[in-house]
Amino acid sequence: MNRAGGRVSSVTSPGELERTLRKNLRGEVDFGAAARALTTMDASNYRRVPLGVVAPRDADDVAAALVTCADAGVPVVPRGGGTSIAGQSTGTGVVLDFTRHMNALLSLDPAARTAVVQPGLVLDRLRDAARPHGLVFGPDPSTHSRCTLGGMIGNNACGAHSVAWGTTADNVAELSVTAYGGSSYRLATGWTGAPPGLRELVAENLAVLRTGMAGGFSRRISGYGGLDALLPERGAGLARAFCGSEGTLGVVTQAVVRLVEAPRAPVLAVLGYADESAAADAAAGLLGHLPLTVEGMAADLVGAAAAGLPRGGAWLFAEMRDEAAARSLLRGADAVDSLLITDPAGQRALWRIREDAAGTATRMPDGGMAWPGWEDCAVPPARLGGYLRDFRALLAEHGLRGSPYGHFGEGCVHVRIDFDLVTAGGVGRFRAFSTALADLVVAHGGSLSGEHGDGQARAELLPRMYGPSVISLFEAYKRVWDPAGGMNPGMLVRPARLDENLRFAVLPPSDFAGEVARCVGVAKCRTTDVGGPGVMCPSYRATGEERHSTRGRARLLHEMLAGEIVTDGWRSAEVAEALDLCLGCKGCRSDCPVGVDMASYKAEFLHRHWAGRLRPLSHYVLGGLPTWLRLIAALRLARPVNLLARLFRIPGLERARALPPLAPQPFTRWWRGTEGRPRRRLGRGVRGGAPGLPGPGGARGTVEGRGGEDRPQGLPAPGAAPEAAPEATGPPPVSPTPRRAGRRGVSPCSRGSCAPHPDGPGGPGRAPAAGARRRGTGGTPRTRRPGRRSRPARRARRPRGRPAPPSGRRSSRRSGRRPGWSPGR
């Protein structure tokens with residue numbers, strides 16, 4: 001017998017469950033090692049290993065999956081972007097991934113200011129669709145570029161604008177929910193659509209709801225914090241009460257959300273204060289000006305960016321609807337210094353500091369790491385200053401460090417703390433601190449969670465916030481929805497301990513394991529926006545698959561080191577496949593808030609992966625390209641090689657790509673043949689003059705004759721007048737010389753992973769057409785030009801007052817070549 005209604009299960013093993021799900025669902029079912037490894041963790045400290053992952057295509061798939069899992073007695077965990085920081089989007093059963101298919105905006109009604117969404121829709125996609133109508137979805141967590149609406153409903157997410165527009169529960173009108181076992185419900189306001197027994201449960205516990213959950217404030221999210229919305233005087237808000245249930249009651253398959261009017265020209269007022277406590281004391285006083293946001297940050301988090309902020313040791317970012325409202329707020333604020341920013345670009349730059357705080361707070365000033373765990377407790381705004389002073393004292397008492405920041409206007413504080421979550425003593429201190437902090441939050445009238453949910457991180461401590469009668473009511477509420485207990489067990493009701501299932505416990509003690517654990521899962525690498533300054537992660541933007549994101553690769557490496565799911569270590573085919581599309585572009589090194597360096601991790605993995613084994617032929621062909629080009633140049637085989645390249649496939653290269661032909665005469669050989677001839681130095685151009693002649697302006701390094709002359713580099717013959725370059729008919733020649741062979745190694749693009757480069761001059765990886773400009777140089781690539789003056793001559797001609805560069809570093813820093821490079825003889 002199983003737990004789902006007493007039926008005998010026909011599923012007796014994970015393999016049988018997988019086959020049954022494949023038979024009953026149209027969506028993907030994956031019980032493989034890679035799929036499981038990718039969902040063992042979210043953005044929290046916790047790790048739980050699932051049986052498999054299902055990507056349903058529609059609500060019918062969801063119902064079929066819940067029926068099948070209930071028959072088998074297997075738990076179910078709904079998952080969106082995987083950015084939860086309390087562990088609630090991990091589980092030991094079947095994970096439902098809604099980001100693959102159920103990610104649509106079904107409709108948007110500007111007149112009614114509502115939208116119908118599926119749970120896997122990313123928040124920014126909804127905001128993009130609403131923006132042309134002057135509308136926006138109010139809640140906006142800092143992960144808005146990758147968090148999903150389903151996850152926001154599950155955690156009752158808030159964001160910076162909750163001061164004006166409220167929580168997710170305040171902005172949800174209707175929910176379509178499927179329970180464990182397949183029953184479906186439509187929740188709104190009123191008892192229509194409620195599960196059997198819920199109305200009776202509320203009627204029996206009116207006193208508990210009115211007294212045990214009295215005195216709440218806007219950020220009381222902990223537990224089933226919206227349960228008092230079921231009171232008769234509040235209209236029996238079924239949808240509102242469901243928000244914040246963290247996947248423990250049922251699965252949202254569709255939602256109707258409310259939109260609000262977006263301000264046309266918001267203005268950002270930045271207020272400087274002596275320290276974070278002074279800023280927190282002032283935050284509540286700004287609420288009378290009706291701000292859209294009141295965000296607080298201190299100097300230990302802002303770092304070097306403080307140079308562009310007003311004087312002070314902490315700041316409040318108050319966004320107002322217009323400039324007049326912002327100036328009124330400045331007149332009423334008792335700040336050390338202030339700044340008004342009306343420029344949208346300037347505002348975005350400052351908001352980017354705040355949005356990256358979840359990652360930057362993970363790095364301590366001394367290079368150490370800090371971790372989530374107490375990320376979003378909240379107190380009434382009027383008590384925030386006193387709470388922060390007590391919080392700092394508690395940190396010092398336990399020998400810990402952290403940088404508080406967050407939604408000061410709502411009393412919600414985010415912080416990452418340098419816990420030791422590896423050693424037994426460190427884990428014990430983590431537990432002792434968590435217990436003491438829970439008591440401190442409750443003493444200030446606060447909530448253990450202010451927007452991210454309790455998950456495994458804080459659910460064990462809920463009895464310190466709520467009385468026994470409320471905890472019993474929570475358990476009865478879950479039994480009404482989920483009598484079998486199959487929805488996300490271990491969260492909120494009968495929770496797991498806060499110090500078990502820690503993700504660090506499975507890692508071996510090594511430097512590489514420490515680097516892999518650096519990824520905290522905030523998933524900035526999962527964004528698909530291409531218009532901003534960020535470049536992470538290009539392979540995820542191309543495929544949309546978690547395994548091709550920086551976070552996904554870090555998770556696979558984590559599980560490879562753990563050895564529980566990925567069992568073949570450094571020879572893992574799953575890890576190799578995920579890293580295969582990594583371009584090694586170092587975009588993660590610069591864009592990831594915690595500085596994950598996947599290119600370095602890939603180099604380490606490939607070194608160990610192929611140690612003691614023959615590599616694929618393409619590695620030798622393309623990795624040895626400098627040697628091959630040197631040999632071709634010495635034997636004068638450029639023309640035969642070009643012919644063979646057109647007739648036969650080169651290992652490691654995609655046949656759809658045209659291989660650039662090798663130049664018949666290498667540059668170095670041509671250079672030796674020009675000795676003794678008159679040479680014209682390639683100048684920096686002439687302002688208003690002919691291209692390619694020396695002068696103070698014009699395009700730098702512009703050269704005529706690049707479109708197909710036999711003379712390499714297109715130098716005109718002595719005395720010849722400049723001519724326009726003829727139109728090229730194909731890729732320009734590539735000189736077979738080791739000095740121009742490029743870096744060693746195999747480019748991922750050579751395996752067909754990237755789109756083919758356009759043929760002809762000016763295409764990526766080709767020589768530019770005549771007069772073309774390259775980004776970052778203003779003209780042709782930075783190569784050492786024929787006839788360049790010697791170093792003493794250049795030093796003699798340096799303008800007065802300009803400092804000399806360090807010896808031996810000028811050419812290498814400007815062109816990427818090593819010091820002492822010469823064109824060869």
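Over the ring of which residue does the charged end of Arg458 sit? That ring belongs to Trp374, and the charged end of Arg458 is 5.9 Å from its centre. A charge counts as sitting over a ring if NZ of Lys or CZ of Arg is within 6 Å of the ring centre and within 35 degrees of the ring normal.

**Basis and confidence**

The model is predicted: local features need pLDDT of at least 70, side-chain atom pairs count only at pLDDT 80 or more, and totals for chains, interfaces and linings use all residues. Residues are numbered from 1 along each chain as its sequence is written, and side-chain values use heavy atoms, with hydrogens and water left out. The pLDDT, which is the predictor's confidence in each residue from 0 to 100, averages 82 for the protein, and 79% of the residues score at least 70. Over residues 1–8 the pLDDT stays under 50, and the model has 18 contacts for them beyond four places in sequence; contact means heavy atoms within 4.5 Å. The stretch 682–825 also has a pLDDT below 50, with 217 contacts in the model beyond near neighbours in sequence.

**The four-stranded sheet**

Helices (H or I, at least four residues) and strands (E, at least two) are DSSP runs, numbered from the N terminus. Two strands pair if DSSP finds at least two bridges between them. An open sheet of mixed pairing is formed by four strands in the order E1-E2-E4-E3. Its edge strands, each pairing on one side only, are E1 (28–30) and E3 (76–79).

E3 pairs with E4 (residues 94–97) in the parallel sense over four bridges. Within this pairing, Val76 stands opposite Val94, and Val95 is the bridge partner of Val77. E3 is covered on both faces: Val76 and Pro78 on one side, and Val77 and Arg79 on the other, are all buried. Buried means under 20% relative accessible area, exposed over 50%, and partly exposed in between (1.4 Å probe, protein chains only).

**Aromatic pairs**

There are 16 aromatic pairs in the structure. Rings of Phe, Tyr and Trp (its six-membered ring) pair if their centres lie within 6.5 Å; planes under 30 degrees apart count as stacked, over 60 as edge-to-face and the rest as tilted. Two of the pairs are set out here.

| Pair | Centre to centre | Angle between planes | Class |
|---|---|---|---|
| Tyr466 and Phe474 | 5.2 Å | 80° | edge-to-face |
| Trp570 and Phe605 | 6.2 Å | 35° | tilted |

Tyr466 is buried, at a relative accessible area of 5%, and Phe474 is buried at 2%.

Trp570 lies in the loop between helix H22 (550–562) and helix H23 (573–580), and Phe605 in helix H25 (residues 598–609), so their pair ties together parts that are 35 residues apart in sequence. Trp570 is partly exposed, with a relative accessible area of 22%, whereas Phe605 is buried at 0%.

**Ser245**

Ser245 is found in the loop between helix H9 (238–242) and strand E10 (251–258). Ser245 is buried, with a relative accessible area of 2%. Leaving aside residues up to four places away in sequence, Ser245 touches Gly154, Tyr224 and Leu492.
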